[in-house]
Amino acid sequence: MSSPFQRRLVGTIILVAIGVIVLPDLFDGKKKHYQEEFASIPIKPELSKDVEQFEIQEPVDFDAELPDEPVEVTIESSPTEPEKETLTIVEKKQPQPQPSKVDYAKSAWIIQLGVFRNADNAKNLALKLRKQGYQAHTFPKDPQPGDLVRVAVGPDVSKPDLEKQLPKLKEITGLNGQLLKFTPLNP
């Protein structure tokens with residue numbers, strides 16, 4: 001059987017457990033519950049029935065023509081007669097644009113490596129050259145089936161710099177490149 005010491009120990013544990021669990025609830029008093037306050041937004045406001053309605057009118061088409069050149073209007077009045085005003089119309093003539101005197105054919109150079117019937121071969125060669133650090137391009141950019149595609153390196157304004165690249169390009173591609181003048185309007 002159990003000894004008196006064991007019974008006292010069990011009784012003490014039960015009393016302590018009741019004190020820890022039940023007594024805080026007794027001494028707390030009324031519990032306050034906090035709830036977040038929020039404002040709701042109405043879905044759709046009610047509209048009054050006496051809302052004004054307007055008729056949408058069709059635009060009016062005027063038969064007016066503007067002059068080809070800008071017109072300047074000045075109003076002149078003499079200091080002695082303030083009521084009388086005269087109207088003078090002055091037309092400004094704009095100068096004709098001069099054709100560009102820059103000769104683009106002499107400004108830059110490219111190295112043409114080859115002309116290919118297969119566009120995929122040309123694109124692969126240009127990609128290989130770009131990976132090697134060269135500025136390689138294909139012309140035209142989006143070829144149609146059957147079109148010839150050129151592969152070129154450049155453009156560069158320095159012809160001697162491009163001439164120095166020719167042997168390195170021959171080692172990489174096995175193609176003899178030609179040095180040509182670059183025209184940006186028709187590459």
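Biologist: Where is the place of Val149?

Modeller: Val149 lies in strand E5, which covers residues 149-156. Please keep in mind that this is a predicted model.

Biologist: Is Val149 buried or exposed?

Modeller: Val149 is buried, because its relative accessible area is 1% and buried means under 20%.

Biologist: Which residues is Val149 in contact with, leaving aside neighbours within four places in sequence?

Modeller: With those neighbours left aside, Val149 is in contact with Gly114, Val115, Phe116, Ala119, Ala122, Thr138, Phe139, Pro140 and Pro143.

Biologist: And how many residues apart in sequence are Val149 and Asn121?

Modeller: They are 28 residues apart in sequence, and their C-alpha atoms are 9.3 Å apart in space.

Biologist: Thr138 was in your list of contacts. Where is the place of Thr138?

Modeller: Thr138 belongs to strand E4, residues 136-139.

Biologist: Why is Thr138 called buried?

Modeller: Its relative accessible area is 8%, and the term applies under 20%, so Thr138 is buried.

Biologist: What does Thr138 touch, not counting residues up to four places away in sequence?

Modeller: Thr138 touches Ala122, Lys123 and Ala126, together with Val149, Arg150 and Val151.

Biologist: Let us turn to Gln112. Which strand is Gln112 found in?

Modeller: Gln112 is part of strand E3, residues 109-116. Gln112 is buried, with a relative accessible area of 14%.

Biologist: What joins the side chains of Gln112 and Arg150?

Modeller: A polar contact of 3.1 Å joins these two side chains. Not counting residues up to four places away in sequence, Gln112 touches Arg150, Val151, Ala152, Asn176, Gly177, Gln178 and Leu180.

Biologist: Now a change of topic, to the helices. At what angle do the axes of H3 and H4 cross?

Modeller: The axes of helix H3 (residues 119-131) and helix H4 (residues 159-173) cross at roughly 120° and come within 11 Å. That angle makes H3 oblique to H4.

Biologist: Is the crossing of H3 and H4 left-handed or right-handed?

Modeller: The crossing of H3 and H4 is right-handed.

Biologist: Which residues make the contact?

Modeller: Helix H3 contributes Leu125, Lys128 and Leu129, while helix H4 contributes Leu169, Ile172 and Thr173.

Biologist: How many residues of each class does the contact of H3 with H4 have?

Modeller: By class, there are four nonpolar residues, one polar residue and one charged residue in the contact of H3 with H4.

Key: Residues numbered from 1 in each chain as written. Predicted model: local features only at pLDDT ≥ 70, side-chain atom pairs only at ≥ 80, totals over all residues. Heavy atoms only, no water. Axes fitted to C-alpha atoms, helices over the stretch in contact; angles between N-to-C directions. Helix = DSSP H or I, 4+ residues; strand = E, 2+ residues; numbered from the N terminus. Parallel < 35°, antiparallel > 145°, perpendicular 65-115°, else oblique. Left-handed = near helix turned anticlockwise from the far one by under 90°. Contact = heavy atoms within 4.5 Å. Nonpolar A, V, L, I, M, F, W, Y, C, P; charged D, E, K, R; others polar. Buried < 20%, exposed > 50% of the residue type's maximum accessible area, 1.4 Å probe, protein only. Polar contact = N/O pair within 3.5 Å; in protein donor to acceptor, adjacent residues only side chain to side chain.
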